[in-house]
Each structure stands twice: as structure tokens, then as C-alpha cells.
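Hello,

Here is the structure I promised to pass on. Please open it first, then read my notes below.

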Amino acid sequence: MSSTKTNKTPTDPDFTAANSFAMPTPGGVPPAAADAAMLRYLTTSAPSVRFGAQGDSVTGVIEKIEVRQTNDFKTRKPVFWDDGRPQEQFIVTIQTDLDETGIGDFEGEDDGMRTVYIKTWGPQVRAFRKGVKGLKRMPREGDTFTAAFIGVSEDKPRVGEDPEKLFTYAVVKG
């Protein structure tokens with residue numbers, strides 16, 4: 001009887017530190033984590049959807065969905081709650097049929113990929129929860145995602161900030 005050992009990565013469901021034979025990289029960062037960090041810097045992200053007018057919407061097939069810490073729009077520094085926890089957001093990258101080649105940021109060819117950012121607090125996350133409720137599971141690659149700008153909050157914004165935009169979201173199983 002022969003057995004083969006396979007290296008598991010942290011993304012494999014049966015990964016444990018005990019069955020990982022990978023050597024850590026300098027600084028103690030495991031290779032998979034180092035690769036993931038490097039990939040973030042080497043890949044470009046899809047441009048974000050610009051919702052200019054009430055009623056603007058976008059629909060596309062989810063290519064990637066992740067949770068990432070928010071950054072301050074002006075300073076680009078990570079944002080934290082008063083208790084030290086990171087403020088996070090959903091980042092939904094979709095393949096749309098949009099083609100804005102030669103318009104604005106699209107100097108080259110437009111592949112139709114767009115990103116929608118959804119705060120994990122307040123009215124945006126409540127709308128997102130409502131939009132995925134019918135799925136009975138978490139949204140994932142291959143699902144069809146729609147975001148629609150429906151107006152602005154009547155709550156008074158902080159000094160120097162615009163009123164918060166309000167959205168509806170819908171996710172249909174792919």
C-alpha cells in the first residue's frame with residue numbers, strides 16, 4: 001500500500017498547519033499568504049460603477065466577491081471603528097455588457113468588468129441582506145447581481161460629507 005502526501009493550502013477545506021509542509025518565507029509569512037499579498041499588487045481591479053443619477057443601475061455576472069477593509073477616501077488609510085475593529089465592505093466584481101472604450105478612465109479597451117462597493121453597516125448592508133435573502137445561501141461567482149441607485153439618505157451628513165447614497169440590490173442564482 002502506498003500513500004502520497006500532498007501539500008494543502010489554507011484555501012483547501014482539510015488544511016491544517018500540521019499537514020502543511022511548506023517552508024515559511026522570510027518574516028514568517030507562509031508562501032500562500034505571501035503569494036496572495038503579491039497578487040493584490042500585481043493585478044488591477046475593475047473600475048467602480050459610478051452611480052450619478054437616481055435610477056442608475058448595473059447588472060452583471062459575479063466574477064469575484066470579497067470582504068475587505070475600507071480606506072479613507074481622501075487619505076487612503078485603513079479605517080477603524082472607535083473600538084479598534086476594521087470597517088469593512090463587500091467588493092463585488094461583475095462582468096457587465098458595458099463598453100466605455102475611450103471614455104473617461106478607459107484609455108484602452110473596456111472589458112466590461114465593474115466593481116460595486118457595499119458598506120457592511122447601515123442602509124447599504126440592510127439593502128444587500130434583503131437582496132440576497134431569496135438565495136438561501138451566500139452570493140458567489142456565477143450569480144447575477146444588480147445594484148440600483150434609488151436616492152440619498154435624509155439623515156444629515158457629517159460636515160464635509162455628501163448625503164449617503166441608497167441602493168437596492170438583487171442577486172439571482174447563476
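How many helices and strands are there in the protein chain? There are two helices and five strands. Keep in mind that this is a predicted model. From the N terminus, the elements run α-β-β-β-α-β-β.

Start with the sheet. The five strands form an open sheet in the order β3-β2-β1-β4-β5, and the pairing is antiparallel. β3 and β5 are the edge strands, each pairing on one side only. On average, neighbouring strands are turned by 40° against each other, direction ignored. Look at β1 and β2 next: eight bridges join them. Ile-65 stands opposite Val-92 in β2.

Now find α2. This helix lies across β1, β2, β3, β4 and β5. Its direction is at about 20° to β5.

Then the core. The largest nonpolar core has 20 residues. Val-116, Ile-118, Phe-128, Phe-145 and Tyr-169 have the most contacts inside it. Two or more residues each come from β1 (57-69), β2 (88-95), β3 (113-119), α2 (122-132), β4 (144-152) and β5 (165-172). α2 gives the most, with four residues. In soluble globular proteins, nonpolar side chains tend to be buried together.

Which residues does Val-116 contact, leaving aside neighbours within four places in sequence? Among them are Val-58, Phe-90, Val-92, Phe-145 and Tyr-169.

Last, the whole chain. Of its 174 residues, 25% count as buried. The accessible surface comes to about 12,900 Å², and 54% of that belongs to carbon and sulfur atoms.

Best wishes

Key. Residues numbered from 1 in each chain as written. Predicted model: local features only at pLDDT ≥ 70, side-chain atom pairs only at ≥ 80, totals over all residues. Heavy atoms only, no water. Buried < 20%, exposed > 50% of the residue type's maximum accessible area, 1.4 Å probe, protein only. Areas by Shrake-Rupley, 256 points an atom, 1.4 Å probe, with all protein chains shown as cover. Core = buried A, V, L, I, M, F, W, Y, C linked by side-chain atoms within 4.5 Å. Contact = heavy atoms within 4.5 Å. Pairing = 2+ DSSP bridges. Axes fitted to C-alpha atoms, helices over the stretch in contact; angles between N-to-C directions.
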